[in-house]
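I opened my notebook to look up charged pairs and strand pairing. Here is what I wrote down.

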Amino acid sequence: MEQIAFTMQLRAGCAEQYRARHDALWPELAALLRQAGIRDYSIFLDPDSGKLFAVLRRTSDHGMDQLQLNPLMQRWWTSMADLMETTRNYQPVTQTLIPMFHLP
């Protein structure tokens with residue numbers, strides 16, 4: 001199992017809406033993420049900067065790279081675009097983080 005982390009940027013004043021939408025995560029989207037090999041996925045917020053920090057584990061045979069082609073994933077991104085920084089196709093702008101330390 002591989003662990004990865006990345007950041008995203010939430011727009012000011014959108015924290016509660018972001019949480020509410022994730023609290024009501026579509027069951028079919030959760031299933032899609034699991035099918036893509038995503039496990040133990042968490043997102044944290046720095047309330048001062050609006051920076052979202054995400055960390056997840058994924059299987060060695062994950063299909064995360066193909067998620068951007070899935071219409072369901074695209075629909076989720078479109079539904080979240082008003083709350084966060086996105087690309088022109090509504091995919092969240094992410095910054096991959098480099099592992100520096102791990103205490104197992």
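First, a term for exposure. Buried means under 20% relative accessible area, exposed means over 50%, and partly exposed lies in between (1.4 Å probe, protein chains only).

I noted what I was working with. This is a predicted model, where local features need pLDDT of at least 70, side-chain atom pairs count only at pLDDT 80 or more, and totals for chains, interfaces and linings use all residues. Residues are numbered from 1 along each chain as its sequence is written, and side-chain values use heavy atoms, with hydrogens and water left out.

**Entry 1: salt bridges**

Side chains of opposite charge can pair when their charged atoms come close. How many did a search of the whole structure find? It found four.

Helices (H or I, at least four residues) and strands (E, at least two) are DSSP runs, numbered from the N terminus.

**Entry 2: R21 and D82**

I found R21 in a salt bridge with D82, with 2.8 Å between the closest N and O atoms. R21 sits in helix 1 (residues 15-23) and D82 in the loop between helix 3 (71-80) and strand 4 (95-96), so the pair ties together parts 61 residues apart in sequence. R21 is partly exposed at 25%. D82 is partly exposed too, at 44%.

**Entry 3: R75 and E28**

Next I checked R75, which forms a salt bridge with E28; their closest N and O atoms are 3.8 Å apart. This pair links distant parts of the chain, with R75 in helix 3 and E28 in helix 2 (residues 27-35), 47 residues apart. Buried or exposed, or in between? R75 is partly exposed, at 46%. E28 is partly exposed, at 39%.

**Entry 4: R57 and D40**

I then found R57 and D40 in a salt bridge (3.8 Å, N to O). R57 lies in strand 3 (residues 51-58) and D40 in strand 2 (residues 38-46), so the pair ties together parts 17 residues apart in sequence. R57 is partly exposed at 30%, whereas D40 is exposed at 55%.

**Entry 5: the sheet**

Two strands pair if DSSP finds at least two bridges between them. In what order do the four strands form the sheet? I read 2-3-1-4, an open sheet with antiparallel pairing. Strand 2 and strand 4 stand at the edges with a single partner strand each, so one side of each has no neighbour in the sheet. Strand 1 (residues 2-9) runs antiparallel to strand 3, and eight bridges join them. Q9 stands opposite K51 in strand 3.

Methods: A salt bridge is a side-chain nitrogen of Lys or Arg within 4 Å of a carboxyl oxygen of Asp or Glu.
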